[in-house]
Amino acid sequence: SGLSQEAGSVEQLSLHCAEGSLEWLYPTGALRLRLAPRLPPTSAAVKGRSPPHITACIKPTGTFRGAQLYLEREGVLELLLPEAPRPHARCFSWLPQEKVALFLQATPHPDISRRIAAFRYELRGDWLARPALPTASLGAEGACRPCNDTEILMAICTSDFVIRGSIRSVSNDAELQESIIGVSATRIHRQKFPLFQAGGRPGRPVGSIRTPLRCGVKPGPGTFLFTGWLHFGEAWLSCAPRYRDFQRIYEGAQRTHQNPCEFPVD
């Protein structure tokens, strides 16, 4: 709460969690948020390769008021969220040796009691390596590209969800620049959270998966293997090969002992 801060003071905080939220009531002065995620050992640089990036995404609440959010990188400030921003996620990346922080500065108002600056955040290691990402600021040229065989095989091993099913509908949100794919699941191979739940035909869980609007997703017949990531509690598409194509790729990798993990194929 800004009521506990001295006028003009800068409160120092550190964000260590992989994801979370911050709510600043009655903003006054400023908050400096140091980004220091606890990354798993697997995110360390592989010998002979460039060091991995760390990625953060910030999503303001619809009632974000009373402050502006800046990215502070090596002492230089860049505006990320103006006051009363659109509810879009903003993402940025940096190398582990770079000094990065968020600077949340209160904007002057005669009545601060009606102001709350709140946002959710996600901190990830080497997120740029993922085949598709939801925001235009990351992997813009790769987000709509069909996955190659290697990416498909890795997606079934590492994704937050792996769902076999068909497309029920596709709707577009022009304001958020997102397409929402309605999916009817015939088999849930993996889901970290209950994204797909009963609600369609008997025994058919249903759910929705998002993808950038610019990818131009269209509804079509057939069975697909949908894989992807959770982003602020929503499912985002990574690879979605037709199931028969996935079977061919996986069985070929099995014959040459190049499948990175075991997966039930029928």
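**Notes on strands, cores and disulfides**

1. Let's start with the β14 and β15 pair: strand β15 (residues 234–237) runs antiparallel to β14, and 4 bridges join the two. Strands pair here if DSSP finds at least two bridges between them. Helices (H or I, at least four residues) and strands (E, at least two) are DSSP runs, numbered from the N terminus. His-231 faces Glu-234 of β15 across the pair. The hairpin has 2 residues between its strands, and Phe-232 takes a positive phi near 55 degrees there.

2. A word on the model before going on. It is predicted, so local features need pLDDT of at least 70 and side-chain atom pairs count only at pLDDT 80 or more, while totals for chains, interfaces and linings use all residues. Residues are numbered from 1 along each chain as its sequence is written, and side-chain values use heavy atoms, with hydrogens and water left out.

3. Now helix α2. This helix covers residues 243–255, 13 residues in total, and reaches 18 Å from first C-alpha to last, close to the 18 Å expected at 1.5 Å a residue. That expected span is 1.5 Å times one less than the number of residues. The buried residues in α2 are Tyr-243, Phe-246, Gln-247, Ile-249, Tyr-250, Gly-252 and Ala-253. Buried means under 20% relative accessible area, exposed means over 50%, and partly exposed is in between (1.4 Å probe, protein chains only). An α-helix has 3.6 residues a turn, so residues three or four places apart point the same way. The buried residues of α2 pack against α1 (149–158), β10 (161–173) and β14 (224–231). Just after the helix, His-257 has a positive phi of about 60 degrees.

4. Which residues touch the most other members of the largest nonpolar core? They are Leu-35, Phe-92, Leu-102, Leu-104 and Phe-119, in a core of 25 residues. Eight strands is what you'll want to highlight in the viewer: β2 (19–25), β3 (30–35), β4 (54–60), β5 (67–73), β6 (76–81), β7 (90–94), β8 (100–106) and β9 (116–125) each give two or more residues to this core. Apart from it lies another core, of 14 residues, including Ile-156, Val-162, Tyr-243 and Tyr-250. A nonpolar core is a set of buried Ala, Val, Leu, Ile, Met, Phe, Trp, Tyr and Cys residues joined through side-chain atoms within 4.5 Å.

5. Leaving out residues up to four places away in sequence, Phe-119 touches Ser-21, Leu-22, Leu-33, Ile-58, Lys-59, Pro-60, Thr-61, Phe-64, Leu-69 and Leu-104. Contact means heavy atoms within 4.5 Å.

6. Ile-163 sits in strand β10 and is buried, with a relative accessible area of 0%. Not counting residues up to four places away in sequence, its contacts are Ala-185, Arg-187, Ile-188, Arg-190, Phe-196, Phe-224, Leu-225 and Phe-226. Ile-163 and His-189 are 26 residues apart in sequence but 5.8 Å apart in space, C-alpha to C-alpha.

7. Thr-211, found in strand β13 (residues 205–212), is buried at a relative accessible area of 4%. Its contacts, not counting residues up to four places away in sequence, are Glu-178, Ser-179, Ile-181, Val-217, Trp-236 and Leu-237.

8. How many disulfides does the model have? The count comes to 3, taking a disulfide as a pair of cysteine sulfur atoms within 2.5 Å. One joins Cys-57 to Cys-91, S to S 1.9 Å. The torsion about that S-S bond is about 105 degrees, so the Cys-57 and Cys-91 disulfide is right-handed. Cys-57 lies in strand β4 and Cys-91 in strand β7, so the pair ties together parts that are 34 residues apart in sequence. Both Cys-57 and Cys-91 are buried.

9. Cys-147 and Cys-239 form a disulfide too, with sulfur atoms 2.0 Å apart. The link of Cys-147 and Cys-239 is left-handed, with -90 degrees about the S-S bond. Cys-147 is in the loop between β9 and α1, and Cys-239 in the loop between β15 and α2, so parts 92 residues apart in sequence are tied together. Cys-147 is buried at 17% relative accessible area, and Cys-239 is buried at 1%.

10. Last, the disulfide of Cys-157 and Cys-261 has its sulfur atoms 2.0 Å apart. Its torsion is about -90 degrees, so the Cys-157 and Cys-261 disulfide is left-handed. Cys-157 lies in helix α1 and Cys-261 in the segment after α2, so the pair ties together parts that are 104 residues apart in sequence. Cys-157 counts as partly exposed at 22% relative accessibility.
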